[in-house]
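Subject: Structure handover

Hello,

Here is the structure for you to take over. Please open it first, then read the notes below.

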Amino acid sequence: MLHDQKLPLHILSGFLGSGKTTLLKGWLAQQDLNDVALLVNEFGEVGIDHHLLNEVAPDTVLLPSGCVCCQIRGELKTALLDLYERRVRGMLPPFSQVILETTGLADPAPILSTLLHDPQLKHHFSQGMLVTLVDAEHARQQSMHQPEWIAQVSAADKLLLSKCDRIGQTERVALQAWIAGLNPMAELSDTVQALADPDPLFGLRLAKGSGQQRFRWLGAAGASGYRLAPHDENPHPLTQTCVITLENALNWPAFAIWLSMLLHSHGQSVLRMKGILRFSGSSSPVVIHGVQHTLHPPVHLNDWPGDVDTSKLVFILRGLDPERLKQGFNRFQQAVKDK
């Protein structure tokens, strides 16, 4: 990779004890370590995980103790820019990707916001994959008592179940269905499968893969207007999926204003959103996605994937009624037509 090309920054998330370091050790053992730079953030006075990772990644950088999502974004920026500078100067191997292992208490959304909005960082780094580990044994309990858990699950591009050997097959099938309902946009697998075929673990978003792989969330989210994510008898976490399908092309300036207002007013409630949209004056679709208040730059595609040819928006919500969101969007549509 040339010095002036952006480096993908991947985020490995997951609640305390979900097995992030174990997964990283297994994955790094199968990689060319000259290709990977690793940042580890730990919560507490004394860092331990980086010592475990030093066995396979001796240049591991330990960030200061604290939660990377809110306390040390300044230090994260410094560490990333220092890594990049040392790479350019030839003081480090010419790695082509960076992985940040967050503390188990981190909400990934502010990290993504920093990466996308900081002028220096976005000049050198691009957003990679956000992989979240889910402890199969304790997932339901954590969902009820830990708000960070649902933020990590909702933001993920890939969800990996860990410790599946500690639950029965029937419980695992039910857990997979429940997790898939909480974030239908994410690819769902487990850590055993991820280490058996490690190359795609941190695959780049929207850059590679077939249309079917890249847009599986369109089918997973369902075609109805909105629905509740399945919770069985467990009412927590209170997440809902809202799906809006549109036949007509959208007006981009007007839609951008509506979406910005929605995220400004309800960003904490819009845990995740994705959409593939047709806009007036263009025959090719545009893919948009965001996490909470952060909206990522739109991606323009050459053509519509597979048999998809209509616009669709998918939202994962917490504390916001899907019907209210849908009514607000319909009012926006009507206001644009009346002008």
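A nonpolar core is a set of buried Ala, Val, Leu, Ile, Met, Phe, Trp, Tyr and Cys residues joined through side-chain atoms within 4.5 Å. Keep that in mind for the cores below. Note also that this is a predicted model.

**Cores**

The largest nonpolar core has 45 residues. Within that core, W149 and I179 touch the most other members. Helix α3, residues 73-88, gives the most to this core, with 5 residues.

**The chain as a whole**

The chain has 339 residues, and 51% of them count as buried. There are 13 helices and 14 strands. Take the contacts with a separation of 6 or more: 75% of them come from residues 24 or more positions apart. The accessible surface is about 15,500 Å². Carbon and sulfur atoms hold 52% of that surface.

**Confidence**

The average pLDDT is 78. A score of at least 70 is reached by 78% of the residues. Among the elements, strand β6 (residues 158-162) has the highest mean, at 95. Strand β8 (residues 226-228) has the lowest, at 36. Two stretches call for care. Over residues 43-48, pLDDT stays under 50, and the model has 8 contacts there beyond four places in sequence. Over residues 204-213, pLDDT also stays under 50, with 16 such contacts. Where pLDDT is low, the predicted coordinates should not be read in detail.

**Salt bridges**

A search of the whole structure finds 7 salt bridges. Here are some of them.

- D118 and K77 meet through their side chains, at 3.0 Å from N to O. D118 is in the loop between α4 and α5 (119-124), and K77 is in helix α3. The two are 41 residues apart, so the pair links distant parts of the chain. D118 is buried at 14% relative accessible area. K77 is partly exposed at 22%.
- D82 and R86 form another, at 3.3 Å from N to O. Both lie in helix α3, 4 residues apart, or about one turn of the helix. D82 is partly exposed, with a relative accessible area of 38%. R86 is partly exposed too, at 25%.
- D157 pairs with R272, and their closest N and O atoms are 3.1 Å apart. D157 sits in the loop between α7 (147-155) and β6, while R272 sits in strand β10 (residues 270-277), so the pair ties together parts 115 residues apart in sequence. D157 counts as buried at 9% relative accessibility. R272 is buried at 1%.

**Helix α4**

Helix α4 covers residues 108-117. Of its 10 residues, 8 are buried, so the helix is mostly covered. The buried ones are P108, A109, I111, L112, S113, T114, L115 and L116. At the start of α4, a side-chain oxygen of D107 comes to within 3.0 Å of the backbone nitrogen of A109.

**A loop proline**

P305 is in the loop between β13 (299-300) and β14 (311-318). Is P305 buried or exposed? Its relative accessibility is 10%, and buried means under 20%, so P305 counts as buried. The C-alpha atoms of P305 and I276 are 9.8 Å apart. Along the chain, P305 and I276 are separated by 29 residues.

Best wishes

Terms used
Residues numbered from 1 in each chain as written. Predicted model: local features only at pLDDT ≥ 70, side-chain atom pairs only at ≥ 80, totals over all residues. Heavy atoms only, no water. Buried < 20%, exposed > 50% of the residue type's maximum accessible area, 1.4 Å probe, protein only. Contact = heavy atoms within 4.5 Å. Areas by Shrake-Rupley, 256 points an atom, 1.4 Å probe, with all protein chains shown as cover. Polar contact = N/O pair within 3.5 Å; in protein donor to acceptor, adjacent residues only side chain to side chain. pLDDT = per-residue confidence, 0-100. Salt bridge = Lys/Arg side-chain N within 4 Å of Asp/Glu carboxyl O.
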